[in-house]
Amino acid sequence: MNYVIFDLEWNQPPFAEAAVLEPLYLSGEIIQIGAVKLNDAFEVVDELRLYIRPKYYTKLHKQISALTHIRDKDLQEQGLPFPEAYEVFLNWCGEEHSFMTWSMSDMPMLIDNMLLHGIDCSKLPDCYDIQRIFSREIMRNSARCSLDHALEILNLKGDQAHDALHDARNTAKICSYLDLDQYLEEYAARAFALQPHHTIYPNIHTMLQDEALLTFPCPYCGAEIRCQTWVSQDPYTYINYGYCPDEEDEFLLQLHVYKGQPGSYRLHRLFYSMSDDLWEIYQDRLGQQKGS
Ligand SMILES: [Zn+2]
């Protein structure tokens, strides 16, 4: 088994009205994949950096350019179209692999870009959120810590941030301080994509009342799973519990809200196989919501 720590950089639409809406609302288009490969003893064995030539947001947003130091010219000269880059990446990952990321924001972005290009999302591997493992096991809290701050806490000198490969390397450095062998089982969550949902809502409250958002198909048996009440994870992220009686499978459904023009809210949904850790997140949030 290889453990692939990856990080993404993405470009954004120049202004809200320029966002791609078909086949899905596209909040970001991936322009760089950086990855470090660990073997099953969690030793670094290889690394990869790929540039992607954007197809929709073709001009780099000023802020993105400033942050990543990537120029339009780099992408034009070295960038692969996303489907090609993804294939190179996947072949490099090896037959048996799991993904590791810092925070849970890269996986949804990867899925969005796969859906955009019609790439099959049904065989994604287990994914581990190293940020969460670091918080729980080292900091003993549930606060989200930036990669830079985590390096500081461990007294490590990192590579310069906002390059996908550097961020993946920095995450790998932090991994070397974690007893991954002991922790991983509790945190293994596999992500599943859902078809894009195109309804625009006047506010989040109305969105969360929509019954249509409460069901999704079981990835194993196809049965319709029905959830109950949304629980707020943060103001723009909501989670829900799904259970399929067929094989007693449990899932965490996640809804991401995108705020557009005033009175115009869109969403994306995806779900994860339930891990012990996701269950804890759900129970924590549920408890807070009931208590408030
Ligand atoms: Zn099922």
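The points below go through the predicted model by topic.

1. Basis. This is a predicted model, in which local features need pLDDT of at least 70 and side-chain atom pairs count only at pLDDT 80 or more, while totals for chains, interfaces and linings use all residues. Residues are numbered from 1 along each chain as its sequence is written, and side-chain values use heavy atoms, with hydrogens and water left out.

2. Aromatic pairs. The structure holds 20 aromatic pairs. The rings counted are those of Phe, Tyr and Trp (its six-membered ring), and they pair if their centres lie within 6.5 Å; planes under 30 degrees apart count as stacked, over 60 as edge-to-face and the rest as tilted. Phe6 and Phe99 form an edge-to-face pair, because their ring centres are 5.0 Å apart and their planes stand at 75 degrees. This pair links distant parts of the chain, with Phe6 in strand S1 (residues 2–11) and Phe99 in strand S4 (residues 97–101), 93 residues apart. Helices (H or I, at least four residues) and strands (E, at least two) are DSSP runs, numbered from the N terminus.

3. Burial of that pair. Phe6 has 1% relative accessibility and so counts as buried; Phe99, at 0%, is buried too. Here buried means under 20% relative accessible area, exposed over 50%, and partly exposed in between (1.4 Å probe, protein chains only). The accessible areas come from the Shrake-Rupley method with a 1.4 Å probe, and for residues only the protein chains shown count as cover. Phe6 and Phe99 also belong to a cluster linked by ring pairs, together with Phe82, Tyr86, Phe89 and Trp92.

4. The structure holds 11 salt bridges, a salt bridge being a side-chain nitrogen of Lys or Arg within 4 Å of a carboxyl oxygen of Asp or Glu. One of them joins Arg132 and Asp277, whose closest N and O atoms are 2.9 Å apart. The pair links distant parts of the chain: Arg132 is in helix H5 (residues 130–139) and Asp277 in helix H10 (residues 276–291), 145 residues apart. Arg132 counts as buried at 12% relative accessibility, and Asp277 counts as buried at 4%.

5. Salt bridge within a helix. Lys73 and Glu77 form a salt bridge with 3.8 Å between the closest N and O atoms. Both residues lie in helix H2 (residues 72–78), and because they are four residues apart, about one helical turn separates them. Lys73 is partly exposed at 48% relative accessibility, whereas Glu77, at 57%, counts as exposed.

6. Glu211 and Arg226 meet through their side chains in a salt bridge (3.2 Å, N to O). Glu211 sits in the loop between helix H9 (204–209) and strand S7 (215–217), and Arg226 in strand S8 (residues 224–226), so the pair ties together parts that are 15 residues apart in sequence. Arg226 is partly exposed, with a relative accessible area of 45%. Elsewhere, salt bridges that share partners join Glu47, Asp159, Arg169 and Lys173 into one network.

7. Backbone. Which residues does a cis peptide bond join? They are Glu22 and Pro23, and omega is about 0 degrees. Pro23 lies in the loop between S1 and strand S2 (29–38). His69 has phi near 60 degrees, a positive value in a residue other than glycine; His69 is in the loop between helix H1 (62–68) and H2 and is exposed, with a relative accessible area of 54%. Ser103, also other than glycine, has a positive phi near 80 degrees. Ser103 is placed in the loop between S4 and helix H4 (106–116) and counts as buried at 14% relative accessibility.

8. Surface patches. Patches are made of residues with over 30% relative accessible area and no salt bridge; like charges are joined within 9 Å, and nonpolar side chains (Val, Leu, Ile, Met, Phe, Trp, Tyr) within 5 Å. Asp246, Glu247, Glu248 and Glu250 gather in a surface patch of negative charge. Lys and Arg count as positive and Asp and Glu as negative, with His and the chain ends not counted; a charge is placed at NZ of Lys, CZ of Arg, CG of Asp or CD of Glu. Glu250 lies in strand S11 (residues 249–259) and is partly exposed at 33% relative accessibility. Ile138, Met139 and Ile153 make a nonpolar surface patch of about 200 Å². Met139 is in helix H5 and, at 31% relative accessibility, counts as partly exposed.
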